Amino acid sequence: MSGLEMRELECFLVLAEELHFGRTGERLYVSQSRVSQLLAALEHRVGARLVERTSRRVRLTPLGERFRTELRPAYDELAGAVERARESARGVSGRIRVGFQGTADARLMAAITAFQERHPGCVAEIAEVPFADPFGAVRHGEVDAAIVLLPVAEPDLVLGPVFSRQQQTVAVSVRHPFAARTSLAAADLADTPLISAAPPAPAYWRAAHAPSAVPAPAVRTLQEGLTLVAADRGAMLLCRPTAEYHGRQDVVFVPVAGVPDSVLGMVWHRDGETARVRALARAVAGAGDAAVTAA
């Protein structure tokens, strides 16, 4: 195995995912012929075919399947060690892209400020995460980490600091019977249609934020939801800071007792943990008196 190249292993692992030479080349920014060359070199070192290729399909051989299973954890560990060494050498610098869902409240902004003060060589860029897709931006590499509403039960994501525990309010139209109430109990919502997020938000996440068996519209954005609330098409659960930020004359926000508090958490991809992400997590965990560390 003298002279084995990381690029050959990387090419094989990407090809094992894509099962398409063209798409593999696009992901690696090389030509399709270069993908073939790298695969051929690796197969020569192994001494057997790892991939079967016909005019109709590409698939792994049984040896290729076993090789991928054994190679993936070792490759990830090696690549991670190189990345960690590189980050240690240059410190926390460059940029980190941070997504937020709902409202970038005072605690989040305090965390961003603390991070910038501790790491002036790293610029934090902030982008909103779609209401109906809380995990997609992290999963697709559009942001390095995101502040999202709990719960989080995604096996490919890491849940870091949990913070900003807030009482829930229910948003209703000024014409809704609840609009005259000063508070509500969880039982009051049993027969109330609660507007939920649309897919691709996971079903368990949608149910947590719209715990009602009564059919109601599903929306892609928070503004779509509030517009339907104003039209008296349903009610919507929102934390107090988000309710205050999105206050409008045709919607009333009534506090609700007996439902779980709204809680935010920082998430990142298991393959995307860097020195910058860890530094941001420390800043988020320390922001505000209510910050706690996730178990």
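This report describes the overall form of one protein chain and then several of its residues.

## Overall form

The structure is a predicted model. Its protein chain contains ten helices and 13 strands. Along the principal axes, the C-alpha atoms of the protein chain occupy a box of roughly 75 × 50 × 30 Å. The radius of gyration of the protein chain is 24 Å, whereas a compact globule of 295 residues would have a value near 19 Å.

Of the 295 residues in the protein chain, 45% are buried. When contacts between residues at least 6 apart in sequence are considered, 69% of them join residues at least 24 apart.

## Surface and charge

The protein chain has an accessible surface of about 15000 Å². Carbon and sulfur atoms account for 53% of that surface.

The side chains of the protein chain include 33 positive and 33 negative ones. The centres of these two sets are 4 Å apart.

## The buried residue T61

T61 lies in the loop between β2 (58-60) and α4 (62-90). T61 counts as buried because its relative accessibility is 7%, and the cut-off for a buried residue is under 20%.

The side chain of T61 comes to 3.0 Å from the backbone oxygen of R49. With neighbours within four places in sequence left aside, the contacts of T61 are R49, L50, V51 and E52.

## The buried residue M266

M266 belongs to strand β13, which covers residues 262-269. Its relative accessibility is 0%, so M266 counts as buried.

## Two cis peptide bonds

Most peptide bonds are trans. A cis peptide bond, however, links L150 to P151, with omega at about 10°. P151 is located in the loop between β5 (145-149) and β6 (157-166).

Another cis peptide bond connects P199 and P200, and its omega is about 15°. P200 is placed in the loop between β9 (196-197) and α7 (203-209).

## Two residues with positive phi

Most residues other than glycine have a negative phi. Y29 is not a glycine, yet its phi is positive, at about 60°. Y29 sits in the loop between α2 (21-28) and α3 (32-46). With a relative accessibility of 77%, Y29 counts as exposed, since the exposed class begins over 50%.

D232, also not a glycine, has a positive phi of about 65°. The loop that holds D232 runs between α8 (222-230) and β11 (236-239). D232 counts as partly exposed because its relative accessibility is 33%.

Methods: Residues are numbered from 1 along each chain as its sequence is written. This is a predicted model: local features need pLDDT of at least 70, side-chain atom pairs count only at pLDDT 80 or more; totals for chains, interfaces and linings use all residues. Side-chain values use heavy atoms; hydrogens and water are left out. Helices (H or I, at least four residues) and strands (E, at least two) are DSSP runs, numbered from the N terminus. The radius of gyration is taken over C-alpha atoms; the globule rule is 2.2 Å times the number of residues to the power 0.38. Buried means under 20% relative accessible area, exposed over 50%, partly exposed in between (1.4 Å probe, protein chains only). Contact means heavy atoms within 4.5 Å. Accessible areas come from the Shrake-Rupley method with a 1.4 Å probe; for residues, only the protein chains shown count as cover. Lys and Arg count as positive and Asp and Glu as negative; His and the chain ends are not counted. The place of a charge is taken as NZ of Lys, CZ of Arg, CG of Asp or CD of Glu. A polar contact is a pair of N or O atoms within 3.5 Å; within protein, one must be able to donate a hydrogen and the other to accept it, and residues adjacent in sequence count only if both atoms are side-chain atoms.
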